[in-house]
Amino acid sequence: MSEPGQSPRQFSNAFKERMVLRLEAGERIAAVAEEAAVKRKLLYEWRDVYRAMGVAGFNRKRGPKPGWKERRASGGCAASAPSVSSDAVASAAQPPDELKKAEARIAELERVIGRQQADLHFFREALRLWDATSPDGGAPTSTRSSKK
């Protein structure tokens, strides 16, 4: 990413947001990465952070946070920290248009599941009918793989 003796490139939040919005619009990650001269890994990270926290996520500090060892040992959260469900955090962090996109994606996935359930029902019924009409239950007549 950077040459020896030079500091790594830093990208503005506006640049990151433009790249993520292009990805959200459906552009391929490889094409955006090549055109912007950034690594695909960065685009994946920016997209994930944007989806989770919006533009504010771009300013987060990287690396382990103070006290992370204690929280990890105590089961993942500090004793004094209030318990908040991950759904509540995710919905509060998502902008309204992101929420609409997520709801549309959920509806699309539910339609896919419905089609898959209909297919499963069809094939189960077909197999049941096949087994009922076949005199030997659909089993092969010979276990030999070839004739000698």
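Helices here are DSSP runs of H or I with at least four residues, numbered from the N terminus, and the expected span of a helix is 1.5 Å times one less than its number of residues. The model is predicted: local features need pLDDT of at least 70, side-chain atom pairs count only at pLDDT 80 or more, and totals for chains, interfaces and linings use all residues. Residues are numbered from 1 along each chain as its sequence is written, and side-chain values use heavy atoms, without hydrogens or water.

Select residues 13-24. This is helix α1, whose 12 residues reach 16 Å from first C-alpha to last, close to the 16 Å expected. Now show the side chains of F15, K16, M19, V20, R22 and L23, which are buried (under 20% relative accessible area with a 1.4 Å probe, protein chains only). They lie on the same side of α1 because they cover an arc of only 155° around the axis, taken from the directions from the helix axis to the C-beta atoms. After α1 comes G26, with a positive phi near 110°.

Next, select F11, F15, M19, V38, L43, W46 and F58. These have the most contacts inside the largest nonpolar core, which has 16 residues; such a core is a set of buried Ala, Val, Leu, Ile, Met, Phe, Trp, Tyr and Cys residues joined through side-chain atoms within 4.5 Å. Its largest share, five residues, comes from α3.

Centre on F58. Beyond its neighbours within four places in sequence, F58 is in contact (heavy atoms within 4.5 Å) with N13, K16, E17, V20, W46, V49 and Y50.

Finish at E98, in helix α6 (residues 96-133). E98 is buried, at 6% relative accessible area. Leaving aside neighbours within four places in sequence, E98 is in contact with E24 and Y50.

Note on methods
Helices (H or I, at least four residues) and strands (E, at least two) are DSSP runs, numbered from the N terminus. Buried means under 20% relative accessible area, exposed over 50%, partly exposed in between (1.4 Å probe, protein chains only).
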